[in-house]
Amino acid sequence: MANKPPERDLAPTIQKLRLRYAKRGRLRFSSHRDFQRALERALRRAGVPMAYSAGFSPHPKISYSNSAPTGVASEAEYVEIGVTQLCDPDKLRSALDEALPPGLDIIEVIVATTSDFSARLEASVWEMEICAPTEEVMGAVGELLGSTEVLVERMTKSGLRVFDARSAILLMEMVPQSAITAPADTQMLSECVILHVVVRHITPSVRPDDVLTALKQVGNLVPLKPVRVTRLAQGPLTEVGISIGDPFDPDRVLV
Amino acid sequence: MSSSTIEAGANKVRPRGQSVFPELEALLPLIAKPIQYVGGELNAVTKPWEDVTVHWALMYPDAYEVGAPNQGVQILYEVLNEQPDVLAERTYSVWPDLETLMRENNVPAFTVDAHRSVADFDLLGLSFSTELGYTNMLTALSLANIPLHAVDREDHPIVVAGGHAAFNPEPIAQFIDAAVLGDGEEAVLLISNIVKVWIEAGRPGGREGVLLELAKSGCVYVPRFYDVEYLPDGRIKRVVPNRADVPSRVTKFTLMDLDAWPFPKAPLVPLAETVHERMSVEIFRGCTRGCRFCQAGMITRPVRERSMTSIAAMVENGLEKTGFEEVGLLSLSSADHSEIGDLARNLADRYEKSQTSLSLPSTRVDAFNVDLANELSRNGRRSGLTFAPEGGSERIRRVINKLVSEEDLIRTVTTAYGAGWRNVKLYFMCGLPTETDEDVLQIATMAKEVIRAGREASGRRDIKCTVSIGGFVPKPHTPFQWAAQLDHESTDARLQKLKDAIRSDKEFGKAIGLRYHDGKPGIIEGILSRGDRRVGNVIETAWKNGARFDGWSEHFSFDRWMESANYALENTGVDVDWYTTREREYTEVLPWDHLDSGLDSEWLWEDWQDALSEVAVDDCRWTPCFDCGVCEQMDTEIQVGPTGVIDLPMPSPRVSPVLVQGLCGN
Ligand code: SF4
């Protein structure tokens, strides 16, 4: 009885959909696993006809692409799902958004018509809110951009790794003060600088904390409070490392 | 509570009810699993502070991963938030990494809903499932800048303890303002009402005034209005009210008609991983099997069932509101529900084709229980099966009134292995009254016999049996409240003999897993369970010495507790042994005698004597009332079905809102 997989509706996948979602506010502290659980539950609540893998513990067909680290907010996370009946992407967007807690927000859903999606995620734009005097921040940025290589170390699952954080950084610029949205209270305590950083996805990946480690190493930059980071975009590099395209574009063209 | 602002941190003044999240947020990147502190769960509720009169902070004094799924807190959270003039927010224990940072940065204890400072609330309700949460309460009070001792509080929340441990709140009497016994739903409404009237009247009599109103109700225990006097030998002489208008005994709350209280209606869905990744529906409250060690069974009498129809509606609604994949049908002994067979069949029919799995925490040793498990796992999801004979020998099972014969067990496990289950878990206790080495060694004999029978029934050699052993701790309001607890050295020695007996067996040893803990934590649980007010200093000393998260073996330190106890009990004439390994006489005044669980103390004593003479009693659901006193004393009655409903209509299939119309033939 328990040694044969149970009979269940194992309808085939007939449609794939790609979702862009945001991780905002306090929910930026959710980990990738936390998001996975929340999404699976939301898919059930929203009544999405998910396709399941076969076997003893069937899993809904969901694939994730490079998720932002715990503690980092994002406006551009991507996920692909397989369903057993044709779904309307807009209806799915609103039903799923409704089923997720506020702060995990579904921004856009498209029907997947291409297959090389993850390869299109070539780089990310990160926004970093660094609370330290402007001269110190810009000094460190200058030092970093002026170096050809900055070795940083990070604990990974496979042990301590040393790698270059500099070559992945394609752009690093300060955004005008007016863009600062932090509460008045924080501004009193410290001056904050907003940086936009374009980082190419390489292996091992260079994450926002690696960039901050590099800034600390070359420019002695020690922010007065934890740096708030948001991923603004992910996608293909368009011009030489300066701007990033919408990874959904190829799917849209083919519709 | 009358002023609109309070002092926060070094020199900032924060309006009452304002979020402390900005301060907390700066600490979150520095700690482990920050998600557990941010709230924002699906179905969480936040209300504007100014919109209501009565503000409750509800605490489960353990980590979020344990506390968030707790049914009691979820129910009260909803019951209170349904009231237009009340709001309730939740708070859990913070781990030492965050505690340290909060102290360094003057961030006060906060709720996870709107991140309000716990000190801002009118009431702080704590739910104690176990006594091991006491030190976590002290951490929370101190982080909230609430004085540890109730007598030192002024403009602070009223601290109310509830949960099973509150049936003897004497060890924490100096830290709490009040305690509530029994079901919380009506209790919190009554308290809210008294507090609301008091606030609206301009807080007559101040803090003492509202506590007096609560005490006068007869069902809220306010320790400060009762004096404890001791005899020269350390025993309690008497406990008497120190005011004329306070009743001499406080009674428990009993919720009748569970169908009228279908909570939680919108269960919380935590983002963080928790110990129960499922939603729960309580199918009945109470248990009258009368296992003599079982505090839960004794203090939750009588049995009150929820009907099959309303259980099914709660399951359906809960799944829709949460998206959980697993539903637990909760109660103390779920196979005992009068409609369980039909319920299991109906639910299995409904969810057979879905990914939804159903689980039933039942450890009853009989073949019917296996049938139920088979039914509920029809759609393929199978976890292990657990049975609880509790005692190794027939003799000890008569002592504890667990009426299971060896044949019952063998027949049951044979059915289970025969039906394809590969692993059966057996639960026992060690340290029971009158127990000898021989009683415990019988567990090994039993386990071997289980494997032998299982191999025969299944025709396989790879079946397993896991024996789990818990140390017995005598609890208040049970027939064993007078019993001597076994000292930890004897417990450990007995378990070692059992381990040897299992390991040395060539034929079956490898198929039997053994799980147990050493006897030390049970001794601390023992003093906290049956302690009196003098134990308060032990708790405070242990906490000051660093005790936190005592239910977690990696945080618990027996030596710290013993040193603290020896220090705190110096010159009292009593010590840890006096509270734990000492047998009590009938005439001794027990610390909880003025707290009424409905059980007649003469009946309890007779049941204790019956235990000693190895006489069993039956369940009052199926045999005439055995006069435990609860129904008469509490004016309650057994509420069991069956309701006569046999088949439930299948719910109308849900049309998915996301489909492309016309393109799929739903
Ligand atoms: S069956 Fe026994 S152990 Fe279980 S809840 Fe009832 S009285 Fe307690």
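**Ligand, interface and folds of the chain**

Trainee: Which residues are around the ligand, and which chain holds them?
Mentor: Keep in mind that this is a predicted model. The shell around the ligand includes Arg289(B), Gly290(B), Phe293(B), Leu332(B) and Lys402(B). It also has three cysteines, and the chain is B throughout: Cys287(B), Cys291(B) and Cys294(B).

Trainee: How many residues of chain B are in contact with chain A, and what area is buried?
Mentor: On the chain B side, 48 residues are in contact with 38 residues of chain A. Carbon and sulfur atoms give 54% of the buried area. That area is about 3,700 Å².

Trainee: Which residues of chain B lose the most area to chain A?
Mentor: Three residues stand out on that side. Together they make up 18% of what the chain B side buries. They are Leu271(B), Gln355(B) and Val658(B).

Trainee: How many salt bridges are there between chain B and chain A?
Mentor: Take one pair: Arg37(A) with Glu273(B). Their closest N and O atoms are 3.6 Å apart, and the cut-off is 4 Å, so the pair counts. Between chain B and chain A the count is seven.

Trainee: How many residue pairs are in polar contact there, and which helix gives the most to the chain B side?
Mentor: The count of residue pairs in polar contact between chain B and chain A is 12, both residues at pLDDT 80 or more. Two helices of chain B, α1 (21-25) and α9 (308-322), each supply at least two residues to the side that touches chain A. With four residues, the one that gives the most is α9(B).

Trainee: What is the make-up of the chain B side by class?
Mentor: Charged residues number 13 on the side that touches chain A. Polar residues number 13. The nonpolar count is 22.

Trainee: Why does the radius of gyration of chain B agree with a compact globule?
Mentor: Chain B comes to 21 helices and 20 strands. Its C-alpha trace spans about 85 × 75 × 50 Å along the principal axes. With 666 residues, a compact globule would have a radius near 26 Å, so chain B agrees at 25 Å.

Trainee: Where is the cis peptide bond that ends at Pro302(B), and what is its omega?
Mentor: Pro302(B) sits in the loop between α8 (295-299) and β13 (304-305) of chain B. The cis bond runs from Arg301(B) to Pro302(B). Omega is near -5°.

Trainee: What is phi of His115(B)?
Mentor: His115(B) lies in the loop between α4 (96-104) and β5 (123-127) of chain B. Its phi is positive, in a residue other than glycine. The value is near 50°.

Trainee: How many residues apart are Arg24(A) and Glu75(A)?
Mentor: Their side chains meet in a salt bridge, 2.8 Å from N to O. Arg24(A) is in the loop between β1 (15-23) and α1 (32-45) of chain A, and Glu75(A) is in strand β3. The pair links distant parts of the chain, 51 residues apart.

Technical notes: Residues are numbered from 1 along each chain as its sequence is written. Chains are lettered from A and ligands numbered from 1 in the order in which they are written. This is a predicted model: local features need pLDDT of at least 70, side-chain atom pairs count only at pLDDT 80 or more; totals for chains, interfaces and linings use all residues. Side-chain values use heavy atoms; hydrogens and water are left out. Contact means heavy atoms within 4.5 Å. Buried area is the accessible area (1.4 Å probe) that two parts lose on being put together, summed over both. A polar contact is a pair of N or O atoms within 3.5 Å; within protein, one must be able to donate a hydrogen and the other to accept it, and residues adjacent in sequence count only if both atoms are side-chain atoms. Ala, Val, Leu, Ile, Met, Phe, Trp, Tyr, Cys and Pro count as nonpolar, Asp, Glu, Lys and Arg as charged, and the others, Gly among them, as polar. A residue is near a molecule or strand if one of its heavy atoms lies within 4 Å of it. The radius of gyration is taken over C-alpha atoms; the globule rule is 2.2 Å times the number of residues to the power 0.38.
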